[in-house]
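Student: I have this entry open and would like to go through it with you. Where shall we begin?
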Amino acid sequence: PEPTIITIDGPAGAGKSTLAKEIAKKFGYLHLDSGALYRTIGYACVQRGVDLSDEKKVLNVARSISVELQNGKVLLNGEDVTRQIRTPEAGKWASQVAQYPEVREVVVQILRKLARGKKVVVDGRDAGSYIFPEAQLKIYLTASSQERAKRRLEELKRKGFNLSYEEVLKEIVERDRKDENRPFAPLKVPEGAVIIDSTGKTLEEVLQEVEKLIKNDP
Ligand code: C5P
């Protein structure tokens, strides 16, 4: 049978959300972007003037806001923040608030609730290792840091942000280091995950590999 839960984990800029969106569209899954939740919490804190190193205050914000994921849009207390949370800065804020175990617990509860009774594809850092250990298909998507920086740069340019390759590469390497080294639910290859290295591969090629995995047809 087709998996009811598919998880896609991996480092920043590996193409997890793009792949997840394609899987959702092609195979009828609901896409849950867990990074978007951390980004929104970080953004909400900064908007409220909350110091991101103040764990208690950050947790209060996480518990008091409403975040909705609606067909690719992200709503914070009903307001569309889809674009605001995609800046490189918001990525940094996200990985800061993502260090706090209780903030992670808030996000995990939201995701588990959204997934109930549905076919979902979830992308993140700990989707297969921590949020949905029961997922029937776990993918670990990676690529060289140079390739990931190049792709991220193109994506940011398309969205109208103006950054240099060096800045993006530095941001990606720094964020990976933080995500891999945090004590609670760090980025790692989940047990039973299939590792896909997308360096030099097109989205179409990766999607074909994943399709075989979904159809369980080696
Ligand atoms: O995937 P995205 O770049 O949107 O994630 C932003 C940050 O949120 C990551 O660098 C990571 O620190 C955090 N995150 C996480 N666990 C997840 C998803 C994202 O810690 N499942």
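Tutor: Let us begin with a definition: a residue is buried if 20 or more other C-beta atoms lie within 10 Å of its own, exposed if 12 or fewer, and partly exposed in between, with C-beta atoms placed from the backbone. By that rule, 40% of the 218 residues of the protein chain count as buried. This is a predicted model, in which local features need pLDDT of at least 70 and side-chain atom pairs count only at pLDDT 80 or more, while totals for chains, interfaces and linings use all residues. Residues are numbered from 1 along each chain as its sequence is written.

Student: How many helices and strands does the protein chain have?
Tutor: There are nine helices and eight strands in the protein chain. Helices (H or I, at least four residues) and strands (E, at least two) are DSSP runs, numbered from the N terminus. The radius of gyration, taken over C-alpha atoms, is 16 Å, close to the 17 Å of the globule rule for 218 residues, so the protein chain is as compact as a globular protein of that length. The globule rule is 2.2 Å times the number of residues to the power 0.38.

Student: Which box do the C-alpha atoms fill?
Tutor: Along the principal axes, the C-alpha atoms of the protein chain fill a box of roughly 50 × 40 × 30 Å. As for contacts, two residues are in contact if their C-beta atoms, placed from the backbone, lie within 7 Å. Among contacts between residues at least 6 apart in sequence, 75% join residues at least 24 apart.

Student: What does UniProt place at residues 6-215?
Tutor: An unreviewed UniProt entry places the feature "domain: Cytidylate kinase" there. UniProt positions are given in the numbering used here, feature names are shortened, and annotations may be inferred rather than shown by experiment. Over residues 6-215 the chain is 52% helix and 16% strand, and the end C-alpha atoms are 12 Å apart.

Student: Which residues does the "binding site" annotation cover?
Tutor: According to the unreviewed UniProt entry, the annotation covers Gly10, Pro11, Ala12, Gly13, Ala14, Gly15, Lys16, Ser17 and Thr18. Gly13 sits in the loop between β1 (5-9) and α1 (16-27), whereas Lys16 lies in helix α1.

Student: Is Gly13 buried or exposed?
Tutor: Gly13 counts as buried because it has 24 C-beta neighbours inside 10 Å. Leaving aside neighbours within four places in sequence, Gly13 is in contact with Arg148, Ala149, Arg151, Arg152 and Ile172. Lys16 is buried as well, with 28 other C-beta atoms within 10 Å. Not counting residues up to four places away in sequence, Lys16 touches Ile8, Gly10, Asp123 and Leu141.

Student: Now the ligand. Which residues come nearest?
Tutor: Of the 15 residues around the ligand, Gly35, Ala94, Ser95, Ala98 and Gly124 come nearest. A residue is near a molecule if its C-beta atom, placed from the backbone, lies within 6 Å of it. α2 (34-47), α4 (88-97) and α8 (165-181) each supply at least two residues of the shell, and the largest share, four residues, comes from α2.
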